[in-house]
Amino acid sequence: MSSSDFPYGSSRSGDPKSEIVESVRRLIADAILYSHKVSEELRLGPSDAQFMTLLEVHGPLTPGRFAELTGLRTGTVTGVLDRLENAGLVRRDRDPHDRRKVIVSPVEEQISARVHPRYARQAEHMSRVLDRYDDAQLAVIADFLRTTTAADWPR
């Protein structure tokens with residue numbers, strides 16, 4: 001089965017691969033839409049919450065690394081970081097080893113207080129869903145997700 005088998009339309013064939021692809025597409029769409037809702041509630045831009053996710057996954061980053069990870073231009077990255085800093089969700093510090101570099105770090109207290117509660121229901125739901133599977137099944141799910149989010153995944 002190639003990706004051209006169902007690039008846009010519904011795959012309702014009952015084929016497990018098609019069902020997985022359709023479910024992943026719905027999951028991605030739902031996550032993006034919910035992220036936009038949270039961003040609006042926090043008075044941020046639509047991609048701003050994704051920058052916080054990148055910090056959570058990768059740890060403190062330079063603006064240049066944000067540009068690499070997102071494919072956005074450095075000017076756009078600066079705008080996102082300005083909004084996040086003005087909202088008190090990130091801080092910019094000079095790299096202690098190279099004062100020319102800036103390191104962006106999350107302000108954990110603010111994220112815990114203002115962002116995490118907005119995702120608590122989703123986290124609880126995910127936990128309930130995962131509780132349905134045994135360790136061998138969870139290993140397969142983890143492998144699938146790790147593979148689909150690998151560095152060579154098309155962007």
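**Close-up views of a predicted model**

**View 1. Helices H2 and H4 pack against each other.** H2 and H4 meet at an angle of about 85°, and their axes lie 10 Å apart. The two helices are therefore roughly perpendicular to each other, because angles from 65 to 115 degrees fall in that class. On the H2 side, the contact uses Asp48, Phe51 and Met52. On the H4 side, Val77, Val80, Leu81, Arg83 and Leu84 take part. By class, the residues of this contact are 6 nonpolar, no polar and 2 charged. The model shown here and in every other view is predicted.

**View 2. Overview of the protein chain.** The protein chain holds 7 helices and 2 strands. Along the sequence, these elements follow the pattern α-α-α-α-β-β-α-α-α. The chain has 155 residues, and 24% of them count as buried. Take the contacts in the chain with a separation of 6 or more: residues 24 or more positions apart account for 38% of them.

**View 3. Helix H2 against helix H3.** Helix H2 spans residues 48–58. Its packing angle with H3 is about 105°, with the axes 11 Å apart. That makes H2 roughly perpendicular to H3. From H2, the contact draws on Phe51, Leu54, Leu55 and His58. From H3, it draws on Phe66, Leu69 and Thr70. The contact residues divide into 5 nonpolar, 2 polar and no charged.

**View 4. Helix H3 crosses helix H4.** Helix H3 covers residues 63–70, and helix H4 covers residues 74–86. Their axes come within 9 Å and cross at roughly 110°. That makes H3 roughly perpendicular to H4. The crossing of H3 and H4 is right-handed. Pro63, Phe66, Ala67 and Thr70 are the H3 residues here. They meet Thr74, Val77 and Leu81 in H4. The residues of this contact comprise 5 nonpolar, 2 polar and no charged. Phe66 and Thr70 of H3 also take part in the contact with H2.

View 5. Leucine 55 sits in helix H2. Its relative accessible area is 3%. Leucine 55 is therefore buried, because buried means under 20%. Set aside its neighbours within four places in sequence. Leucine 55 is then in contact with Pro60, Leu61, Phe66, Val90, Val104, Ser105 and Pro106. One of these, Phe66, is an H3 residue in the contact of H2 with H3. Another, valine 90, is 35 residues from leucine 55 in sequence. The C-alpha to C-alpha distance between leucine 55 and valine 90 is 9.3 Å.

View 6. Glutamine 50 is a residue of helix H2. Its relative accessibility is 38%, so glutamine 50 counts as partly exposed. That class lies between the buried limit of 20% and the exposed limit of 50%. Glutamine 50 and serine 35 are separated by 15 residues in sequence. In space, C-alpha to C-alpha, glutamine 50 and serine 35 are 7.9 Å apart.

View 7. Helix H1 runs over 16–41, and arginine 43 lies in the loop between H1 and H2. The phi angle of arginine 43 is near 60°. That is a positive value in a residue other than glycine. Arginine 43 has a relative accessible area of 76%. Arginine 43 is therefore exposed, because exposed means over 50%.

Methods:
Residues are numbered from 1 along each chain as its sequence is written. This is a predicted model: local features need pLDDT of at least 70, side-chain atom pairs count only at pLDDT 80 or more; totals for chains, interfaces and linings use all residues. Side-chain values use heavy atoms; hydrogens and water are left out. Axes are lines fitted to C-alpha atoms, for helices over the stretch in contact, and angles run from 0 to 180 degrees between N-to-C directions. Helices (H or I, at least four residues) and strands (E, at least two) are DSSP runs, numbered from the N terminus. Angles under 35 degrees count as roughly parallel, over 145 as roughly antiparallel, 65 to 115 as roughly perpendicular and the rest as oblique. A crossing is left-handed if the near helix is turned anticlockwise from the far one by less than a right angle, and right-handed if clockwise. Contact means heavy atoms within 4.5 Å. Ala, Val, Leu, Ile, Met, Phe, Trp, Tyr, Cys and Pro count as nonpolar, Asp, Glu, Lys and Arg as charged, and the others, Gly among them, as polar. Buried means under 20% relative accessible area, exposed over 50%, partly exposed in between (1.4 Å probe, protein chains only).
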